[in-house]
Structure formats: structure tokens, C-alpha cells
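Hi,

Here is the structure I said I would pass on. Have a look, and then read on for what turned up in it.

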Amino acid sequence: MKALTAGENTALSKDKIFLDITWTPEKIGGQEADVSAFLLKQDGKIRSDSDFVFYNQPDAEQGAIRLKTAPGHAGLEIHLARIPQDITRIAVTITLHGTAGFASATSLKVVANEIASFEPQTKGMNETALILAEIYRRNHEWKLRAIGQGFIGGLARLATQYGVELADDTTQPSEATATPAVREEAPSI
């Protein structure tokens, strides 16, 4: 498995990709953490709010991309051949609900199948939103790029950058979504 650093990329040789995202502590700085994905056009914007995958909308494109979460863990299953042609990138993000930044994380890791892994550097990071990685299409080939870029403003700021129209209640998890269903194990790929 190739260990990526911020800015590096690698080709994705499989059609079905599973991104396994883990972090400790379970509540970073005492805050809930949420993984999201944004299906983006060439202009870096979503086509509609249905291209925003998060805890209240865990799949897009009839299951071409699915999010499963558990405390300290999230998984994104992506069927690359089923992603529409007008989608050129999928941004994978993690956000915190509150003012604590990612400096409170003792570990944060993204693993793509057995292809690549990435551990963004969070030491001293005050940001509450982080673009972990992008899966992008170049010359009819899908690639994974490690990003690790932080944003202040959490989910709301990040989502609006990608063109999402947020209702007031989508920026904070409800009691019902604060403890999502546990993912027992990653699917076989």
C-alpha cells in the first residue's frame, strides 16, 4: 500500500473503492465529527443538493456512493463506473460540530482499499473542517489525491463553498443522528 503525503496522488485501479476513515479520540476536542462527500462538476460545484452525501443523506446516484458511520469511524463505498460523466471530482471531508479544531485529534487516517493511505497532519490545526482527499477523473482514469486542507467555519462554510444550499438544521446533527448505525466491517472488494 502506498503512503501518500498532502498533494500526492495515485491511480485507482478498481471500479469499487472503499475509503475507510478513522480518527481518535472518538470526539475530537469533545466534538462530534462527521464525514461528507461532495460530487463536483468541472466548476467545483455540485449539480444539486442531492450531490452532497452526509449523515442525513448517506447515498447518492442510486447507491453509486454510500456513507456508513460509527463513532470514530466512517466508510465511503464508491462505484466509480456509476458516477455520471459530468462529475469530475468527489471531495471527501470531515467536519467538527463546535469550536474545537483538529489539533485535538491524536490520529486521523484515510485508507483506500489496499491501494493507498493518507494521514493528514493536524498538529496545531485550529480549523473545524478538513478536505481529506479528492477522487478525480483525468483522461478517463480515476485517481485519488491526498489533500489535508483545513477550513474555519465547519460544515456550513465548506458546504456552501461547493454550492450546497443549507437549511438551518443541516449544520448540526440531531439526537437521532448523533450516534449513527455501527459499521461492523468493510465490505469485501
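This is a predicted model: local features need pLDDT of at least 70, side-chain atom pairs count only at pLDDT 80 or more; totals for chains, interfaces and linings use all residues.

What lies over the buried residues of H1? Just after H1, Gly 163 has a positive phi of about 95°.

Now the overall picture. The protein has two helices and 13 strands, and buried residues make up 50% of its 189 residues. Of the contacts with a separation of 6 or more, 68% are between residues 24 or more positions apart.

At the S5 end, S4 and S5 pair antiparallel over two bridges, and Ala 37 has Val 53 in S5 as its bridge partner.

Thr 93 is in strand S9, and its relative accessible area is 0%, so it is buried. Beyond its neighbours within four places in sequence, Thr 93 is in contact with Asp 34, Val 35, Ser 36, Phe 38, Leu 130, Ile 131, Leu 132, Leu 158 and Tyr 162.

Seven strands form an open sheet with mixed pairing, and their order is S1-S11-S10-S3-S8-S7-S6. Strands S1 (2-4) and S6 (59-60) are at the edges; each has a single partner strand, so one side of each is left without a neighbour in the sheet.

Within that sheet, look at strand S8 (73-79), where seven of its seven residues are buried. In a regular strand the side chains alternate between the two faces of the sheet. In S8, His 73, Gly 75, Glu 77 and His 79 point one way, Ala 74, Leu 76 and Ile 78 point the other way, and all are buried. Which strands pair with S8? Strand S3 (16-24) pairs with S8 antiparallel over seven bridges, and strand S7 (65-70) is joined to S8 by six bridges, also antiparallel. Leu 76 ties the two pairings together: it is the bridge partner of Leu 19, and Leu 67 stands opposite it. S7 and S8 form a hairpin with two residues between them, and Gly 72 in the turn has a positive phi of about 75°.

Elsewhere in the sheet, S10 and S11 run antiparallel and are joined by three bridges, with Ser 117 in S11 as the bridge partner of Val 111.

There is also one cavity of 30 Å³ or more, and the space in the largest cavity is about 30 Å³. Its lining consists of Leu 4, Val 110, Ala 112, Ala 116, Ser 117, Phe 118, Ala 133, Leu 144 and Ala 146. Strands S10 (107-112), S11 (116-118) and S13 (141-151) each give two or more residues to that lining, and S11 has the largest share, with three. By class, the lining has eight nonpolar residues, one polar residue and no charged ones.

Last, some backbone details in the loops:

- Thr 24 and Pro 25 are joined by a cis peptide bond, with omega about -5°; Pro 25 is in the loop between S3 and S4.
- Asn 113, in the loop between S10 and S11, has a positive phi near 45° and counts as buried at 9% relative accessibility.
- His 140, in the loop between S12 and S13, has a positive phi of about 65° without being a glycine, and counts as exposed at 78% relative accessibility.

Cheers

Conventions
Residues are numbered from 1 along each chain as its sequence is written. Side-chain values use heavy atoms; hydrogens and water are left out. On a 1 Å grid over the protein atoms alone, a cavity is a set of points where a 1.4 Å probe fits but cannot get out, and a pocket is an open set with protein on both sides within 12 Å along at least five of seven lines; lining residues have an atom within 4 Å of a point. Grid points are joined across faces, edges and corners, and a volume is the space filled by probe spheres set on the points. Helices (H or I, at least four residues) and strands (E, at least two) are DSSP runs, numbered from the N terminus. Ala, Val, Leu, Ile, Met, Phe, Trp, Tyr, Cys and Pro count as nonpolar, Asp, Glu, Lys and Arg as charged, and the others, Gly among them, as polar. Buried means under 20% relative accessible area, exposed over 50%, partly exposed in between (1.4 Å probe, protein chains only). Two strands pair if DSSP finds at least two bridges between them. Contact means heavy atoms within 4.5 Å.
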